[in-house]
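Please read the following report alongside the sequence and the three-dimensional model.

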Amino acid sequence: MQERKPQQIARELALLSLSQLPINPKRLTEEHLPKLVLATVRTLRSEVQDTLDNATGELQRSNERLLTSQTRASDLNTARNLLKEAIDYTQTAINQLGAAVEFPELIQLANQDKEVGRYAIELVKIVSEHRVIIDQEISSALVDWQVTRLAQIDRDILRIAVGEMRFFNLPDRVAINEAVELAKRYSGDEGHRFINGVLRRVTEQKAAV
């Protein structure tokens, strides 16, 4: 695994933990991290299987279209698009599996460096306790879209970045760069570009106030 700084590891652990939080979480401590991340591993395993099943289905459909087509351009284009979707599904599954393999090492690093666990929990608490304020900032930067309609992983990456900028005084440029790197690891192919665009609008709107 590429060497990362303590705060980067903490940020990733926070991202993984957010998806497993109850609606009204009780007092969180560093001891909750392993359980939250373990729950994420189990969820991710199911998602990987679903993604691979989708890829298999797309491959079968594209193959059937190729076999039954009479070299018509429309049929070939359809088969090509189905094949591309299958490849995209497979790549997403590979990325998810790669991330899952690193989870035990993330936990080990968090146990070795208590600052990692503390920062991760603080991030989770800030996002949880100030979600309304954070989501309002994100919503104002979205164009013809709503926070609740975002993919959860993108939504949580945005929440962490805005939370760090607003409540941790992390420089905007650093928060954006870190969010983009998280999106490259956990979001889809276009996720990091979307995250970058939204956060840049957040900072522009903040500067205009």
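## Basis of the model

This is a predicted model, in which local features need pLDDT of at least 70 and side-chain atom pairs count only at pLDDT 80 or more, whereas totals for chains, interfaces and linings use all residues. Residues are numbered from 1 along each chain as its sequence is written, and side-chain values use heavy atoms, with hydrogens and water left out.

## Overall fold

The protein has eight helices and zero strands, so that from the N terminus on the elements run α-α-α-α-α-α-α-α; helices (H or I, at least four residues) and strands (E, at least two) are DSSP runs, numbered from the N terminus. Of the 209 residues in the protein, 40% are buried, where buried means under 20% relative accessible area, exposed over 50% and partly exposed in between, with a 1.4 Å probe and protein chains only.

Among contacts with a separation of 6 or more, 74% come from residues 24 or more positions apart, a contact being heavy atoms within 4.5 Å.

## Helix H6

Helix H6 covers residues 152-167, and its 16 residues reach 21 Å from the first C-alpha to the last, close to the 22 Å expected at 1.5 Å a residue; the expected span is 1.5 Å times one less than the number of residues. The helix is mostly covered, with twelve of its 16 residues buried, including Asp154, Arg155, Asp156, Glu164 and Met165. The buried residues of H6 pack against helices H1 (6-18), H4 (114-129), H5 (131-141), H7 (172-186) and H8 (191-208).

## Crossing of H5 and H8

Two packed helices are described by the angle between their axes and the distance between the axes. The axes of H5 and H8 come within 8 Å and cross at roughly 100°, with axes taken as lines fitted to C-alpha atoms over the stretch in contact and angles running from 0 to 180 degrees between N-to-C directions. H5 and H8 are therefore roughly perpendicular to each other, a class that spans 65 to 115 degrees.

On the H5 side the contact is made by Glu137, Ile138, Ser140 and Ala141, and on the H8 side by Val198, Arg201, Val202 and Gln205.

Asn169 lies in the loop between H6 and H7 and has a positive phi of about 55° although it is not a glycine. Asn169 counts as exposed because its relative accessibility is 64%.

Thr203, in helix H8, counts as buried because its relative accessibility is 14%. Not counting residues up to four places away in sequence, Thr203 touches Met165, Asp172 and Ile176. The C-alpha atoms of Thr203 and Arg173 are separated by 9.1 Å, although these residues are 30 residues apart along the chain.

Key: Angles under 35 degrees count as roughly parallel, over 145 as roughly antiparallel, 65 to 115 as roughly perpendicular and the rest as oblique.
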